[in-house]
Each structure stands twice: as C-alpha cells, then as structure tokens.
Amino acid sequence: MANRALDGVGGFLDDRFRGAKSFRTLFKKIFPDHWTFLLGEIALYCFIILLLTGTFLTFFFQPSMTDVIYHGSYTHLDGIRMSEAYASTLNISFDVRGGLLMRQIHHWAADLFMAAIFAHMLRIFFTGAYRKPREVNWLIGIVLLTLGMLEGLFGYSLPDDLLSGAGLRILEGVMQSIPIVGTYLAFFLFGGAFPGHLIIPRLYILHVLLIPGLILALITAHLFIMFHQKHTQMPGKGRTDKNVVGAPLYPYFMAKTGAFFFFTFAALALASTFAQINPVWLYGPYTPVAMSAGSQPDFYMGMLEGALRVMVPWEWNVAGHTFSFNVFLPALLPLGIIFTAAALWPFIEQWITGDKREHHVNDRPRNAPTRTALGMAVITFYGVLWLEGANDIIADHLNIALYTTTRIAQVSMFVAPVLAYIITKRICLGLQRKDLHLLEHGVETGIIRQMPSGEFIEITRPVSEEEQAKLAFPARPPGLPAHDTDRERGAARQQRAHERTRRGRTRRGRARRGRQRAGPG
C-alpha cells in the first residue's frame, strides 16, 4: 500500500517536472569514503544547527540598547540599569523554557563550525585537494572561513555584556587605526562616539540576515561545484584521476550522513547540557569604565588578540594624523598575509611546478614535503600568537612575569616556524625513505630462518597491492624538468622496486620452498 502511494506521488511529479531521470542519476552518484571527509560534513551540520537554534533565539532577543531597569529571575542583578539587549539575554537564559540550552547549543555549534572549517581547510591543503580543477572551491572555502570569523564576532557581541563590549572596544580601536579613514569608518559603524545606541541593532542585522545569507549561498555553490567536479579520493588500489571508488549516494551515503548529522546534534546537546559556555550573567552589563580580568575571545579570534599583545609600541603623528602601527599592523597584517597567501597558493604551486593537469586523487602529506612543511610553519606561527592571546592567564598559572611571556612570544613567532619547517620536512623525507624500504624489501614477518651455511636471515613478505598503491609516489607531470632531489631519486628507486617486487615473487616462493625442504644446516 505504501509503495503504491509512493509510486503514485512519484508518477504525478514526474509527469509534470520530468525529474525521475535526474533523481536516478543523483542517487547513483558515487562518493569516496575516508574519515577526513567528515570534517566538511561536520561544518555543514553545525551550520544547519546554527540556523535552527538561531531562529529560536530571534523570537525572544531584543536588539536594542535602550536602558532598562532589570527585575527578572536573576536576583543578583535586580535593580541594575542595563541595555534591553542584555536584559533579553538574561530573560532567554532564566525565564524562557529551554532558552539557556538553546543559547548553549548555538554557541557550541558556532565554535565547532569554525573548528571544522579550520580542520577541513587544513586537510584540503595538506592533501593537495585544492589543485586543478578545484581552485574556485578553495577560494570559496577561504571566504567562508573569513565570514565565519566575522559572524562569530558579531554574534557574541550581541548580548551587550561586559566581555562582548570589550571585544567591540577592540574592534573600534582597530578600525580607528586605519590611516586617514579609520575615524570615519568607526563613526559610520557605531553611529557616533563609542558605544552609541546603534551598534547592537546594526550587528543584529548583519548577524541574522546578511552574513548567514552569504554563507548559505557560498555553501550551496561549494556543494554544487563539488558535486559537478566529483569528490577527491585518497590513494588506494584502483583509484585514478579518471574514476571514483566508493559507495552510491542512495542508500549508503544518505543513511551514513543522516546518522552522522544526528550524532553531531547529540554531541552538541550533550556538551551544552554539561559544559557551560559564555555565562553572561556573571560578567554583568557593559560599561566603558570596567574590564573583567582574564577576558578571552572565542578560540578563532585568539590569534588576533595575541598579535595585538605581542606588538611593540609604534606610533607616528604626521600632519595632525596619528598612525597607530602597533594596532593596525598586528590586527590586519598577519591574518591578511595568511589568507592572501592561501588564496594564491594553488596558482603559485601550479606556476612553480608547471603541473597543469587535473588532480582527483589526493597526495599523502609526506609525498609533498615542501607543502607540508610550509603548512606546519604557518600553523606554528598561528599557534604562537594564539597562545600569546592568553598571556595573562598563562603568566598567572605558571607564576611568571607577564612581560616574560611576551618576550618569549616575540622570539618564538620568528624562530618556531623556521624550526617547524625544517623538522617537518625532515620527517616527511624520512617517511618517504621508510615507504621506499617497504617497497624494496617488504614487510618484516618476525620469522628468522637459518640457512644451510649457518647464516640467519629474516623472512619478509611483499606489501599487498593495496599498500603498494598507497605507498606509491605521485607521477611527475610530463615535461617537468628533473631535479636531483631526495624525493625524485626516491621515486626512481621506487619504480625499480615495483618491477623487482613483481619479478621476484615467484623466485622468492621457489627459494622459500627449497629452504624448507633443506631444513636447518
């Protein structure tokens, strides 16, 4: 009966929209399977959860900076003058059924959304999945990461509590540090002198309408491009640039991705139930004359905070204009350089290597040691500044001078990336030699045999065809000049090892049977 009803609905729709053939093609679409591909799915699921919880919160939040006297359930702030935005946030937390849980899920989902995007972008970079023909999708990812940071900044500024107000104060200072036009930009955004009465309504429109719309449009474009170009796949047996090895969209992928969505939702709900985040009632309403100790932004803004703290005093006064380089440079330069270099990197790598082929099979990071080392150097630079963003907390917990942590960060931000580059590249080359050794000599079995001559040898077995496909170096593009490097010498030796392995299997089998018949010497 149910099948007959579904057939009737399907026939009705197909008669009018002619979509049956398209849906059959869609359901047969093959998706490769690898655990790292779930990183992008986590970001997508978090965005859906953000839309759902954000819609709930908009029913009760009042984006207004009008002063009110609070007389709500939280008695510790009873009779305190505050903005209507902060009062409505307290109302959501204490008086709306399920409001605090929704606030917590929304905030945890935002943090996980940014963490998943960071991890997803790193996976794409280290495996070379940004190469032709996926440069446009890589650029979309960078724009999504930038919009996500702005969306998070505007979102946690809406409650108008003491912590978020401090973040807005830093935003105003950064805008004012822009030479010549900075003061005008700050006045335009805040509607006058800080804090004014317009910033919360303006951020609210940006947070719930403009930026989510842009993110939704870019995610849709990202998915359509990925679907059209087909998903990349990890190296393995039978996987080439001309095919896709995996499972169909229906039923395997749909069942798996649906279950993983609910698993992500459950994990966020569990974290929101037992792990408190952003308790705005403890901070109190924002006032420009107060600042709470140990103020920290969300993790994805930690680098910018650290860059401001690590910068040395540097300010010019020229023709009545103040150039605050100690704010302008650390706020805009480090992240600007990283994002610009990341956007240009696919084209820079293509120009350096001369490789203009399409790539649908990812690299193993060890097989691209320079790219991997550069990525680790950038991560180390980011990490140093991220830690410096909490230098006051680190100094307090480790009982060391605050300026000592700053001096360490000032040195580490130059030295640590260089060391990370050198160490990572040596590790990659070492792992390449290990792979080559496995291909040439096989896998150790732990079996020791004594030869008729009295010599002891260890028996090895050839690596499987699946392992051979994973360990193989990517082919060098035709026409690319050869360079006498460890990597290319290793690739040549590896090719010879492949041939010796195939020729030697039968010979080794005969020799092994002969030794067994001969017995110990």
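Author: Asn278 is buried, with a relative accessible area of 14%. Buried means under 20% relative accessible area, exposed over 50%, and partly exposed in between, using a 1.4 Å probe and protein chains only. This is a predicted model: local features need pLDDT of at least 70, side-chain atom pairs count only at pLDDT 80 or more, and totals for chains, interfaces and linings use all residues. Numbering starts at 1 along each chain as its sequence is written, and side-chain values use heavy atoms, leaving out hydrogens and water.

Asn278 has a positive phi of about 55°, although it is not a glycine. Most residues other than glycine have a negative phi, and most peptide bonds are trans. Asn278 sits in the loop between helix 10 and helix 11 (280-283). Helices (H or I, at least four residues) and strands (E, at least two) are DSSP runs, numbered from the N terminus.

Lys230 also has a positive phi, near 75°, and is not a glycine. Its loop runs between helix 9 and strand 4 (247-248). Lys230 is buried as well, at 18% relative accessible area.

Now the peptide bonds. The one from Tyr250 to Pro251 is cis, with omega near 5°. Pro251 belongs to helix 10 (residues 249-274). The bond from Phe194 to Pro195 is also cis, with omega near -5°. Pro195 is in the loop between helix 8 (182-190) and helix 9 (199-229).

Ring pairs link Tyr45, Phe260, Phe261, Phe262, Phe263 and Phe265 into a cluster. Rings of Phe, Tyr and Trp (its six-membered ring) pair if their centres lie within 6.5 Å; planes under 30 degrees apart count as stacked, over 60 as edge-to-face, and the rest as tilted. The structure holds 25 aromatic pairs. One of them is edge-to-face: Trp316 and Phe325, 5.1 Å centre to centre with 85° between the planes. Trp316 is partly exposed at 45%, whereas Phe325 is buried at 14%. Phe325 also pairs with Phe323, this time stacked, at 6.1 Å and 15°. Both Phe323 and Phe325 are buried.

A charge meets a ring too. The charged end of Lys29 sits over the ring of Phe227, 4.8 Å from its centre. The test asks that NZ of Lys or CZ of Arg be within 6 Å of the ring centre and within 35 degrees of the ring normal.

Next come the salt bridges. The structure holds 11 of them. Each is a side-chain nitrogen of Lys or Arg within 4 Å of a carboxyl oxygen of Asp or Glu. Arg371 bridges to Glu349, with the closest N and O atoms 3.2 Å apart. Arg371 is in helix 14 (residues 369-388) and Glu349 in helix 13 (residues 325-353), so this pair ties together parts that are 22 residues apart in sequence. Arg371 is buried, at 6%. Glu349 is buried too, at 12%. Both belong to a network of salt bridges that also includes Arg131 and Asp363.

Arg364 bridges to Asp435 at 3.1 Å between the closest N and O atoms. Arg364 is in the loop between helix 13 and helix 14 and Asp435 in helix 16 (residues 402-441), so the pair ties together parts 71 residues apart in sequence. Asp435 is buried, at 3%. Arg357 and Asp355 form another salt bridge, 3.0 Å from N to O. There, Arg357 is partly exposed at 29%, while Asp355 is buried at 12%.

Helix 14 has 20 residues and reaches 28 Å from first C-alpha to last, close to the 28 Å expected. The expected span is 1.5 Å times one less than the number of residues. Its buried residues include Pro369, Gly375, Phe381 and Glu388.

Last, the whole chain. It has 18 helices and 8 strands. Of its 521 residues, 42% count as buried. Among contacts between residues at least 6 apart in sequence, 74% join residues at least 24 apart. Contact means heavy atoms within 4.5 Å.
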